[in-house]
Amino acid sequence: MRTRRSSDVLVSTTEELERWEVTEYLDVVSAHVVAGTGFFSDVAASFSDVFGGRSSSYKKQLEDINEEATRELREKAAQQGADAILGLRIDHDEISGQQKGMLMVTATGTAVRADRTTEPEKNGTDDSTGPVSARELSVESRAQRLVRQVEEG
């Protein structure tokens with residue numbers, strides 16, 4: 001089995017990669033990250049809730065745990081010798097009880113082996129899939145949820 005560095009594993013929300021040919025579907029990979037919100041984040045969020053606005057403390061926590069979940073996903077795929085993860089899906093949940101709040105992120109995708117079919121153009125218009133930031137994943141995830149809500153009425 002070929003070994004991969006987790007940082008080399010491509011991640012895409014799509015089912016295929018442009019200029020890549022999937023040679024083997026390995027397995028579904030998933031990562032779960034649960035993080036406490038913390039007292040100060042809860043207090044800051046309650047002010048945002050009362051007076052309006054956004055909670056930057058929760059936003060930062062979500063970005064951090066999105067990145068951690070994606071990193072874990074890449075590590076699991078790399079251990080299987082994968083070149084990419086296709087069909088990435090990230091779900092966010094809140095776990096609360098007894099006046100304590102936790103944020104949970106679940107990331108899933110399909111680990112695949114793939115070969116590049118052509119080289120990207122050298123004229124600076126390379127639009128190949130590369131590393132994806134937590135912010136990009138969050139935006140994509142939110143867009144997918146909004147589309148589902150619209151479709152469901």
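## Where the largest cavity gets its lining

α3 contributes four residues to the lining of the largest cavity, the largest share. Both β3 (84–97) and α3 (134–152) supply at least two of its lining residues each. Helices (H or I, at least four residues) and strands (E, at least two) are DSSP runs, numbered from the N terminus.

The residues lining this largest cavity are T13, L88, R89, I90, L137, E140, S141 and Q144. Sorted by class, they are three nonpolar, three polar and two charged residues. Here Ala, Val, Leu, Ile, Met, Phe, Trp, Tyr, Cys and Pro count as nonpolar, Asp, Glu, Lys and Arg as charged, and the others, Gly among them, as polar. The volume of the largest cavity is about 40 Å³.

## What counts as a cavity

On a 1 Å grid over the protein atoms alone, a cavity is a set of points where a 1.4 Å probe fits but cannot get out; lining residues have an atom within 4 Å of a point. Points are joined across faces, edges and corners, and a volume is the space filled by probe spheres set on them. By this rule there are two cavities of 30 Å³ or more.

## The second largest cavity

Around the second largest cavity you will find R89, I90, D91, S141, Q144, R145 and R148. Its volume is about 40 Å³. α3 gives the most to this lining, with four residues, and its classes are one nonpolar, two polar and four charged residues.

## About the model

This is a predicted model: local features need pLDDT of at least 70, side-chain atom pairs count only at pLDDT 80 or more, and totals for chains, interfaces and linings use all residues. Residues are numbered from 1 along each chain as its sequence is written, and side-chain values use heavy atoms, with hydrogens and water left out.

Note on methods: On a 1 Å grid over the protein atoms alone, a cavity is a set of points where a 1.4 Å probe fits but cannot get out, and a pocket is an open set with protein on both sides within 12 Å along at least five of seven lines; lining residues have an atom within 4 Å of a point.
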